[in-house]
Amino acid sequence: MTWSNPTRAHSSALTGRRVLLRPLVTSDFDAWREVRIRSRDWLLKWEPRPLPGQPDATEDRRIFAARCGARERERQLGSGYGFGIFVGPEQDRFVGEINLSSVQRGPYQNAYVGYWIDEAAAGNSYVPEAFVVLCRFAFEDLALHRLQASIIPRNGASHRVVEKLGLRDEGVAQRYLEINGTWEDHVRYAITSEEWDDRRDDYLRGWIQPLGGEAGGL
Ligand SMILES: CC(C)(COP(=O)(O)OP(=O)(O)OC[C@H]1O[C@@H](n2cnc3c(N)ncnc32)[C@H](O)[C@@H]1OP(=O)(O)O)[C@@H](O)C(=O)NCCC(=O)NCCS
C-alpha cells in the first residue's frame, strides 16, 4: 500500500466542518514548499533545529517524497499518522499539518499531537477543528486512551488552541524538548478517551457538524 497514489491517499481522508485531513503525497510538494518557505520565520522558532547535514525537504521534491514515504511506513506500522490540513470550497488548499506521533500501545495507549499552520491561514480556528477531527480518529478508530500536546509557555497562539478545546493542563515539564536549539520548558496538555466520551457530543456539535457555513467553537 502506498500513499504516493493520491486516490488511495484521499480514501483515508478525515473531515471536519471546514478542514480535510489526509496524508501528504509527492504531488503536494509545490503547495507544501510554497507555504513552508513563505512561513519560515513564523514556523522555525517553534520547531526542533535540523540536525547538521539533515536534508531540507523544501529544497528537493525527492526529499519531500522520501518524507512522505517515511510517514507512510509509520502509518503501516501503526506508530504515527501524519496529515496535511486542507481547506477551501473544494477542501484542496494546503494550509498546514497535524500529526499523531510516537503511538505507544501496551498499558500506555498514548500518542503525541503536533501541528502548524500557514501564517496566512492563522486565526480561523482551523487547527482546533483539525485537533477535534484527529481526536475522533485517535479515540474511535485507533482506540487510543490518551493524547498529549506540549506547548512552550510563551506560545500564546498554541495555548489558545488547547484552551478552546478544554484540554487538561498537566503542568510544566522542565527542559522537555529541544526547540530551535534550546531545551525548552513545555506545558503538557492531555485528553483521555473518558474525557472524549463525556464531551463528544459538544465537540461534534462545536466543530464537526455542518452549521450552514458558520465558523465553530465551544
Ligand atoms: C499555534 C497555531 C497552530 C494555531 O493555529 P490556528 O489555526 O491559527 O489557531 P486559532 O485560529 O485557534 O488561533 C489561535 C490564536 O492564535 C492567535 N492568532 C490568530 N491569528 C494570528 C496571527 N495572524 N498571528 C499571530 N497570532 C495569531 C490568536 O491569539 C488566536 O486566539 P483567538 O482565536 O482567541 O484570537 C498557529 O499559530 C501556528 O502554526 N503557529 C506557529 C507554529 C506553532 O506554534 N506550532 C505549535 C507548536 S506547539
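Tutor: Two residues are in contact if their C-beta atoms, placed from the backbone, lie within 7 Å. Helices (H or I, at least four residues) and strands (E, at least two) are DSSP runs, numbered from the N terminus. The model here is predicted, so local features need pLDDT of at least 70 and side-chain atom pairs count only at pLDDT 80 or more, while totals for chains, interfaces and linings use all residues. Residues are numbered from 1 along each chain as its sequence is written.

Student: Which residues of H5 and H6 meet?

Tutor: H5 supplies Val127, Pro128, Phe131 and Val132, and H6 supplies Val161, Lys164 and Leu165. This contact of H5 with H6 has 6 nonpolar, no polar and 1 charged residues (nonpolar: Ala, Val, Leu, Ile, Met, Phe, Trp, Tyr, Cys and Pro; charged: Asp, Glu, Lys and Arg; polar: the others, Gly among them).

Student: How are two packed helices described?

Tutor: By the angle between their axes and the distance between the axes. For H5 and H6 the angle is about 50° and the axes are 9 Å apart (axes are lines fitted to C-alpha atoms, for helices over the stretch in contact, with angles from 0 to 180 degrees between N-to-C directions). H5 and H6 are therefore oblique to each other (under 35 degrees is roughly parallel, over 145 roughly antiparallel, 65 to 115 roughly perpendicular, the rest oblique). H5 passes H6 in a right-handed crossing (the near helix is turned clockwise from the far one by less than a right angle; anticlockwise is left-handed).

Student: At what angle do H5 and H7 pack?

Tutor: At about 135°, with the axes 10 Å apart; H7 covers residues 193-208. That makes H5 oblique to H7. The crossing of H5 and H7 is left-handed. On the H5 side are Pro128, Glu129, Val132, Val133, Cys135 and Phe139, which meet Ser193, Trp196, Tyr203, Trp207 and Ile208 of H7. By class, that contact has 9 nonpolar, 1 polar and 1 charged residues.

Student: How many helices and strands are in the chain?

Tutor: The chain has 7 helices and 8 strands. Along its principal axes the C-alpha trace spans about 45 × 40 × 35 Å.
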